[in-house]
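Thanks for making time this morning. I would like to walk through one chain with you, so please have the sequence and the model open while I talk.

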Amino acid sequence: MSTQPLLQRTAKKRIALPVRVEPKVFFANERTFLSWLHVATVLGGLAVGLLNFGDKTGKIAAAMYTLIAIGVMLYALFTFHHRARSIELRNNATFGDRWGPTVLALLMTLAIAINFIMQLTKG
């Protein structure tokens, strides 16, 4: 009789298996991108309205909202491409967005506060 076990374990071998990425992951990335573009479009519409129907303070606010909308569009584009590349390369990256909504909320709060202060000091 042999002293070796019936099933021997070999050294830890890694077997490379292709990982299948489901299409819903790509579609979720596109949905998020479109959602950010929707936010930018609403901000751009607000800026156009203030630009056409506002006074000097409204035009300054329109410029601030336009810059924020352009920033949101660029952020959305960068994030979309970064996530798409991570999905294609099958990286173990996290796709949570900590900074985008926070920065957007802070910029909007700052723009509204500046607009409010300018309206108060105007009169």
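What we are looking at is a predicted model, in which local features need pLDDT of at least 70 and side-chain atom pairs count only at pLDDT 80 or more, while totals for chains, interfaces and linings use all residues. Residues are numbered from 1 along each chain as its sequence is written, and side-chain values use heavy atoms, with hydrogens and water left out.

The overall picture comes first. The chain has three helices and zero strands, where helices (H or I, at least four residues) and strands (E, at least two) are DSSP runs, numbered from the N terminus. Of the 123 residues in the chain, 22% are buried. If a contact means heavy atoms within 4.5 Å, then among contacts with a separation of 6 or more, 74% are between residues 24 or more positions apart.

Let us turn to helix H3, which covers residues 99–122. H3 has 24 residues and reaches 34 Å from its first C-alpha to its last, close to the 34 Å expected, the expected span being 1.5 Å times one less than the number of residues. Which residues of H3 are buried? They are Gly100, Leu104, Met108, Ala111 and Asn115, and the buried residues of H3 pack against helix H1 (23–53) and helix H2 (56–89).

Helix H2 has 34 residues and reaches 50 Å from its first C-alpha to its last, close to the 50 Å expected. Just after H2, Arg90 takes a positive phi of about 60°.

Now to the side-chain pairs. A search of the whole structure finds two aromatic pairs, meaning that rings of Phe, Tyr and Trp (its six-membered ring) have centres within 6.5 Å, with planes under 30 degrees apart counted as stacked, over 60 as edge-to-face and the rest as tilted. In one of them, the ring centres of Trp36 and Tyr75 are 5.5 Å apart and the planes are at 75°, so this pair is edge-to-face. Because Trp36 lies in helix H1 and Tyr75 in helix H2, the pair ties together parts that are 39 residues apart in sequence. Trp36 is buried, at 12% relative accessible area, while Tyr75 is partly exposed, at 26%.

Glu22 and Lys24 meet in one of them, at 3.9 Å, N to O. Asp55 and Lys122 also meet in a salt bridge, at 2.4 Å, N to O. Since Asp55 lies in the loop between H1 and H2 and Lys122 in helix H3, this pair ties together parts that are 67 residues apart in sequence. Asp55 counts as partly exposed, at 33% relative accessibility, and Lys122 is partly exposed as well, at 47%.

Key. Buried < 20%, exposed > 50% of the residue type's maximum accessible area, 1.4 Å probe, protein only. Salt bridge = Lys/Arg side-chain N within 4 Å of Asp/Glu carboxyl O.
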